[in-house]
Amino acid sequence: MTVQLEMGLHTFGDVTSDANGVLLPHAVVIRNLIEQAALADDLGVDFIGIGEHHRADFAVSAPEIVLAAIASRTKRIRLGSATTVLSSDDPIRVFERFATLDAAANGRAEVILGRGSFSESFRLFGFPLDQYEELFDEKLDLFAALLKQQPVTWQGQMRPPLIDERVFPPVERGPLKTWVGVGGSAESVVRAARYDLPLMLAIIAGDPKRFLPYVDLHFRAYQKLEKPPQPIGMHSPGYVAATDEQARDEFWPAYKVMRDRVGKGRGWPPMQRAEFDRETADGSLYVGSPQTVARRIAETVKALGVTRFDMKYSAGPLSHQNMMRCIELYGTEVIPLVRQMIDHDGDA
């Protein structure tokens, strides 16, 4: 049986500019994000994911609260994180928050668990950065135990043990859909399979087909476990406008601001327009007209065999108005075109 491709949107709640280029207050950015999600719901987008950050250039530090506000404004779109930094959080509290969101949203909550690509949360919440890997491994193990919605008896190295403990509220029509976000680590792919959790690939640069070995590893791991494989999704940046030229000219300045700001702290050189153009032509930036973006998404989906594509439509100071127009084109034109392209090839 063919599984219909799910198509969603991600945003990190980047702090955006007004018409005069002045950065908006964080509170305004959050309210605008809720409007963006409501529009996506109206247009039939399958999923909206909100990232967690703890720094000045991103407005959202508590995605679940924003998602709860979105739940009250929407009817069908699924709601989740992109991603939840489990390493610097408490697994029980994360489960409780998303179980509560799921109740408020009538069963529409999801969570994408990751280690996080920024380190601010470790300092803020008092976790040692040199235990980055160990913290995630142990906390994911506990979270996987919570997903069974049974009394939990569990022991690790970094917190007191649990003995026959129950966690509330239970997920009404459980289990809570939980993805493991992976940025390019074979160990992470195997770990997700071991816990029998869907895989979300963060593909943000380069030829997306370079992730094929991780897709193959995912299926080999399930063969070894003698279980049917869980779905694979992917997350990549993108932007849609009426024409390729308009999309690239509007997205480029904002994307460069965001990319250079992040890159400065990681020793990356400033991004040049030629690199941006290469990424939009055949890399992991899905930027262009609806036809161009749909064609590139369809090609990638078919090459990797993923069953969900989530486009990160926010980028640095890119304006709320431009993002709203991008969402409208994504929902009304890109999604139908992608599904037509995939269905047509499937019938050939």
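**Entry 1: Basis**

I noted that this is a predicted model, in which local features need pLDDT of at least 70, side-chain atom pairs count only at pLDDT 80 or more, and totals for chains, interfaces and linings use all residues. Residues are numbered from 1 along each chain as its sequence is written, and side-chain values use heavy atoms, with hydrogens and water left out.

Buried means under 20% relative accessible area, exposed means over 50%, and partly exposed lies in between (1.4 Å probe, protein chains only). The core has 93 residues, and Ile-297 and Tyr-330 touch the most other members. The greatest contribution to this core, 8 residues, comes from helix α11 (residues 320-347). Helices (H or I, at least four residues) and strands (E, at least two) are DSSP runs, numbered from the N terminus.

I then listed contacts, meaning heavy atoms within 4.5 Å. Apart from neighbours within four places in sequence, Ile-297 contacts Met-7, Tyr-286, Phe-309, Tyr-330, Val-334 and Val-338.

**Entry 2: Helix α6**

Which residues of helix α6 (residues 186-194) are buried? I found Ser-188, Val-189, Arg-191, Ala-192 and Ala-193. As background, an α-helix has 3.6 residues a turn, so residues three or four places apart point the same way. The cover over the buried residues of α6 includes α5 (132-146), β8 (177-182), β9 (199-202) and α7 (212-225). After α6 comes Asp-196, with a positive phi near 60°.

Is Leu-147 buried or exposed? Leu-147 has a relative accessible area of 11% and is therefore buried. I located Leu-147 in the loop between α5 and β6 (152-154). Beyond neighbours within four places in sequence, Leu-147 is in contact with Phe-95, Pro-175, Leu-176, Thr-178 and Leu-197.

Glu-110 is in strand β5 (residues 110-114). With a relative accessible area of 0%, Glu-110 is buried. I found a polar contact of 3.0 Å between the side chains of Glu-110 and Trp-179. A polar contact is a pair of N or O atoms within 3.5 Å; within protein, one must be able to donate a hydrogen and the other to accept it, and residues adjacent in sequence count only if both atoms are side-chain atoms. Among the residues that Glu-110 touches, beyond those up to four places away in sequence, are Phe-47, Arg-78, Phe-98 and Arg-308.

**Entry 3: Aromatic rings**

How many aromatic pairs does the structure hold? I recorded 11. Rings of Phe, Tyr and Trp (its six-membered ring) pair if their centres lie within 6.5 Å; planes under 30 degrees apart count as stacked, over 60 as edge-to-face and the rest as tilted. Phe-12 and Phe-58 form an edge-to-face pair, with 6.1 Å between centres and 75° between planes. These two residues are 46 residues apart, and their pair links distant parts of the chain. Both Phe-12 and Phe-58 are buried.

Tyr-286 and Phe-309 also form an edge-to-face pair, at 5.1 Å centre to centre and 75° between the planes. Tyr-286 is in strand β11 (residues 286-288) and Phe-309 in strand β12 (residues 308-312).

**Entry 4: Salt bridges**

A salt bridge is a side-chain nitrogen of Lys or Arg within 4 Å of a carboxyl oxygen of Asp or Glu. I noted 25 salt bridges in the whole structure. In one of them, Arg-73 pairs with Glu-35, the closest N and O atoms being 3.0 Å apart. Arg-73 lies in the loop between α2 and β3 (78-81) and Glu-35 in helix α1, so this pair ties together parts that are 38 residues apart in sequence. Arg-73 is partly exposed at 41% relative accessible area, and Glu-35 is partly exposed at 34%.

Arg-97 forms a salt bridge with Asp-89, with closest N and O atoms 2.6 Å apart. Here Arg-97 is partly exposed at 26%, whereas Asp-89 is buried at 16%.

Key: A nonpolar core is a set of buried Ala, Val, Leu, Ile, Met, Phe, Trp, Tyr and Cys residues joined through side-chain atoms within 4.5 Å.
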